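Hi,

Here is the structure I promised to pass on to you. Have a look at it first, and then read my notes below.

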Amino acid sequence: ATFGKKATDSNLREPLPNEKYFLTHNDDFVLVVGRRTCLSTMAAPHRRNPKFHSVVAFFAIATPSVRAVRPSGSIFGTSARSNTTSQTQDTDHKLSSKYYNPHTFWRRCSAQDAVTQWVMCLGSQGGAYSLCPIEDSFDLDLVDGSHYFWRSELSFRQCMHCPAHDPVYGQNCASSIEKISQMFHLSTENEDSLLELCTNFCEGRTKGKRCSRDEPCSTASHFCDFHDVNNDFGVCQECPTDINDCYEAGFLAYESGRRDCLSCRMHCDDIGRSKLVIDDIEIPSDFMHLAIQESILAASGPIIDCSDLIRLGVDICIGARDKVCLVEANTKNIKYWDLSQKAEDSGCVALILNATYNETNSKACGFHSYDELGIPFVCISSNDGRRIRTSTIGKIASVEVNILGQACQKDSPRGSICSEKIPCSGENEFCPYDKTVVDGEYIEGWCKPCPIDGYGNPSQLSCYFDFYEGYARDSQYVVDCVKSCDAQVQFGSCKFCPDGLNALDFGVDNDADKCHFCPKYDIKYPDRLVPVFGANITCWQMQEFYESVDIDENSQNCALAQKMNFICGCDGTGYAGANTEAKQAVLAWLPRMMAILSIFGSLFILYDTTRTAQKRCKLLNQMLSTLSIFDILGSTAYAFTTLPTPQADYLYGSEGNDKTCIEAQGFFIQVGTIACFLNVSLAMYYLLTIKYGWQQARLKSKRIHFFLPPILVGLVFAFVGVPYYDNALLWCNNTARYWPEIPVIQAIVFATLIMCAICIDVRKKSRASLRYSSRRNSVTLSDMVFVQACWFTGAFYVTWIPYLAIQYMWSSGKAYDMYGFILYASISVPLQGFWNFVVYVRPRYFGRPKPTDLPISRRVSLVTLRSSMSRLSFRARRAADDVELPKQENDDILKTKQCKVDNPNGPKFDRGKDPIP
């Protein structure tokens with residue numbers, strides 16, 4: 001009542017649901033408004049009026065949700081309209097702030113009594129656009145210059161109102177466009193685009209008029225309700241207020257009419273400008289698009305770094321109240337509406353976002369998803385952000401955003417609108433749910449085709465990650481994409497491959513059970529690649545994927561991802577449980593030292609078993625020397641540990657690449673398992689010697705059966721495993737699940753069964769010999785051989801069983817961080833050569849029997865051997881006397897001569913040698 005008409009003209013509105021107070025104004029005064037109550041007022045002759053700032057400061061402290069609105073004018077100054085049909089007339093044009101909702105703002109220009117508000121323009125990049133201005137008396141010069149449409153810089157030119165209401169160029173669209181084309185030398189393409197736009201908006205058919213594809217209804221205000229399947233004709237109807245009504249039962253007869261009804265929702269982006277001034281220097285910037293806000297927002301204050309809102313995921317920036325908050329974004333996975341809410345909750349008066357992935361381009365702001373924004377929000381380039389962070393923190397920054405209107409298109413470059421009520425009708429389309437946010441949830445999107453790769457094949461993983469823009473999808477996006485495009489992602493069968501991705505199985509009952517890639521949000525290297533779900537998945541993508549999609553913390557995908565988060569510098573369990581550099585060094589160097597011991601042990605056995613012709617003749621020595629050769633190959637590969645692994649895996653000491661990993665270390669480690677298979681041949685040798693009493697001649701006749709099968713099996717698995725060699729945490733090895741360990745498991749089983757058979761036989765013979773022996777405690781030859789065989793088999797078990805256990809657990813998706821057990825397994829597997837060395841030299845120090853311990857059976861065998869040697873000598877003499885012998889006997893004599901022991905007293909137990917005759 002006090003202010004009369006002035007209060008009526010002040011654009012007074014009710015507070016929003018979450019507001020207690022807000023500020024509004026006209027050119028003469030400022031109002032502090034509560035719910036239907038004028039709380040305070042004062043003159044506002046100038047925006048720097050100290051009384052005005054006092055009121056704003058008071059209510060900003062009293063009510064955190066207060067909105068500070070400019071009292072008058074704009075830091076962009078004034079503008080004048082240029083009339084091309086008469087003399088130029090300059091008039092001051094001051095913009096006043098208005099409540100701007102980009103979701104519905106364009107409707108004001110499509111109303112029946114406001115059709116004159118639409119402005120048709122050509123864009124600098126081609127194409128025609130319809131503009132809906134913020135002001136009723138819109139000045140065409142206000143759009144002169146660069147603006148941003150769909151995050152691209154765009155200038156508008158050759159603008160015009162509908163000719164029937166503003167006949168600047170002509171009385172209708174055809175004559176107006178013809179004159180414009182002559183004046184500005186438009187191309188045929190631009191002339192046709194502008195003519196079509198003018199015709200659709202200004203001369204389109206209205207309610208009740210007949211329509212067709214060639215004769216459309218007036219754009220944005222009417223649509224064609226087609227009455228036949230072929231879309232030949234229909235009747236124009238007024239656009240519904242809510243396009244969800246297009247899918248109401250009985251509203252439309254055919255799908256074609258429903259799709260045209262959906263075109264009532266114009267696809268618009270803001271036209272506006274932003275300004276950021278620090279120390280009287282203007283920094284190039286862009287404003288946040290598609291936000292519900294006042295059309296003019298301005299604020300100033302000291303700059304504070306609030307990058308932890310993104311970097312650490314905190315909800316409040318400490319000390320940010322009444323300051324301009326600067327946030328560094330090193331990921332494209334940003335929900336801008338969530339970030340601005342955190343900034344407002346922290347008390348920031350303005351928000352500046354700089355993206356590290358955008359070095360020079362300042363036009364990097366995204367979409368606010370039609371969520372409310374109460375403070376000016378601008379974006380700058382990475383270079384400018386770096387300069388501000390290093391030199392101007394604490395200085396005063398002035399930020400202003402000025403929304404001039406909207407630029408709209410009937411057909412969106414992003415596709416048709418979709419929601420739960422409006423499904424995508426195209427084949428192989430889905431609704432991404434990434435456009436409109438209500439209460440923190442996306443409710444709408446633009447229909448998109450199912451993702452494909454560069455070769456035109458379905459790309460299921462693109463439902464989870466955007467490889468072009470470089471971010472992880474939102475959970476609603478993932479669910480609809482997977483459901484509509486059948487994007488069930490299956491990964492290879494490997495120890496470190498994730499389970500198949502199926503968005504329909506996502507979800508947790510309790511937020512406390514949700515998996516977090518980096519639980520402390522402490523990513524140090526956001527751009528590093530994580531080899532989990534495929535190539536080119538960055539640390540930030542992994543982090544945001546696990547933040548946006550609900551995955552249970554007890555799942556294999558969670559355990560596997562957290563095992564890999566050391567690549568990103570996160571504070572976690574590290575790889576193989578080595579969460580400190582000291583543990584990682586131990587994991588690399590201790591197995592290396594054990595492998596070197598194994599190499600020296602195998603070299604000693606190889607030397608000792610081949611240093612004389614007599615030793616080389618023995619089949620047992622031949623088997624031990626062959627086993628040692630393959631153990632040297634495997635142990636040498638183990639000794640390099642992480643050195644050949646690719647540098648991109650970021651393991652301790654990794655300096656290799658794919659070739660050193662696959663073609664060198666992985667292959668030769670697999671070749672080294674031939675030593676494992678030769679242990680079965682060694683056990684078989686002892687079985688034939690002890691239980692069945694085979695002599696050397698008979699054993700040598702079957703020599704190929706002791707060597708060929710283990711070597712052939714080992715080489716086959718070494719070559720078959722080439723496609724599966726990869727980083728296996730400790731070294732490069734076969735990472736396929738389960739099957740690479742099957743031959744080793746079979747070798748252990750066979751060796752065990754053979755040893756059981758030997759044990760049973762030795763036990764029977766020992767009991768039988770004790771009945772006739774006067775020495776109850778005497779040591780038989782069979783006992784000594786059996787003990788030596790047990791030692792060799794024990795070395796086999798100690799070497800392989802721990803390693804097989806950890807491989808089995810990894811294949812089952814477990815034990816990724818059991819550091820102690822992993823370290824024990826990594827120490828044991830390279831030590832086979834060392835344990836073989838210990839067993840080989842054991843009889844020299846611990847296995848020497850006393851002469852009196854030789855049983856009668858041993859003496860009898862010696863007499864029999866002497867008799868055999870006598871017969872061989874007689875046959876040799878006959879051969880010397882030119883007495884022809886059968887070929888087989890002659891060969892046996894030659895071999896006996898070569899391997900004959902030069903001992904006139906006959907053979908006896910040789911100290912320090914394996915007790916096999």
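The axes of H15 and H23 come within 10 Å and cross at roughly 155°. Axes here are lines fitted to C-alpha atoms, for helices over the stretch in contact, and angles run from 0 to 180 degrees between N-to-C directions. Helices (H or I, at least four residues) and strands (E, at least two) are DSSP runs, numbered from the N terminus. The angle makes H15 roughly antiparallel to H23; the cut-offs are under 35 degrees for roughly parallel, over 145 for roughly antiparallel, 65 to 115 for roughly perpendicular, and oblique for the rest. The crossing of H15 and H23 is left-handed, a word used if the near helix is turned anticlockwise from the far one by less than a right angle (clockwise is right-handed).

Who touches whom? Leu 624, Leu 627 and Asp 631 of H15 make the contact with Gln 832, Gly 833, Asn 836 and Tyr 840 of H23, where contact means heavy atoms within 4.5 Å. Sorted by class, this contact of H15 with H23 has 3 nonpolar, 3 polar and 1 charged residues. Ala, Val, Leu, Ile, Met, Phe, Trp, Tyr, Cys and Pro count as nonpolar, Asp, Glu, Lys and Arg as charged, and the others, Gly among them, as polar.

Before you go on, note that this is a predicted model: local features need pLDDT of at least 70, side-chain atom pairs count only at pLDDT 80 or more, and totals for chains, interfaces and linings use all residues. Residues are numbered from 1 along each chain as its sequence is written, and side-chain values use heavy atoms, with hydrogens and water left out.

Now bring in H13. Helix H13 (residues 581-610) packs against helix H23 (residues 832-845) at an angle of about 45°, with the axes 7 Å apart. That makes H13 oblique to H23, and their crossing is left-handed. On the H13 side the contact includes Leu 597, Gly 601, Phe 604 and Asp 608, and on the H23 side Phe 834, Phe 837, Val 841 and Arg 844 are among the residues involved. By class, the contact of H13 with H23 has 7 nonpolar, 7 polar and 2 charged residues.

H13 also packs with helix H15 (residues 619-639), at about 155° and with the axes 8 Å apart. H13 and H15 are therefore roughly antiparallel to each other, and H13 passes H15 in a left-handed crossing. Residues of H13 that meet H15 include Arg 592, Ile 599 and Leu 606, and among those in H15 are Ile 629, Ile 632 and Tyr 638. That contact of H13 with H15 has 10 nonpolar, 9 polar and 2 charged residues.

**The whole protein**

There are 25 helices and 29 strands in the protein. Of its 917 residues, 51% are buried, and the terms run like this: buried is under 20% relative accessible area, exposed over 50%, partly exposed in between (1.4 Å probe, protein chains only). Residues 24 or more positions apart account for 67% of the contacts with a separation of 6 or more.

**Aromatic rings**

How many aromatic pairs does the structure hold? There are 21. Rings of Phe, Tyr and Trp (its six-membered ring) pair if their centres lie within 6.5 Å; planes under 30 degrees apart count as stacked, over 60 as edge-to-face and the rest as tilted. The rings of Phe 667 and Phe 668 have centres 5.5 Å apart and planes at 85°, so this pair is edge-to-face. Phe 667 is buried at 15% relative accessible area, while Phe 668 is partly exposed at 35%. Elsewhere, Tyr 464, Phe 517, Phe 545 and Tyr 546 form one aromatic cluster.

**A few single residues**

Most residues other than glycine have a negative phi. His 185, not a glycine, has a positive phi of about 55°. You'll find His 185 in the loop between helix H4 (173-184) and helix H5 (188-202), and His 185 is exposed, with a relative accessible area of 69%. Leu 290 also has a positive phi, near 55°. Leu 290 is in the loop between strand E14 (286-287) and strand E15 (293-294), but is buried, with a relative accessible area of 1%.

Last, Asp 260 lies in helix H6 (residues 255-262). Buried or exposed? At 12% relative accessibility, Asp 260 counts as buried. Leaving out residues up to four places away in sequence, Asp 260 touches Arg 213, Phe 223, Cys 224, Phe 226 and Lys 410.

Cheers
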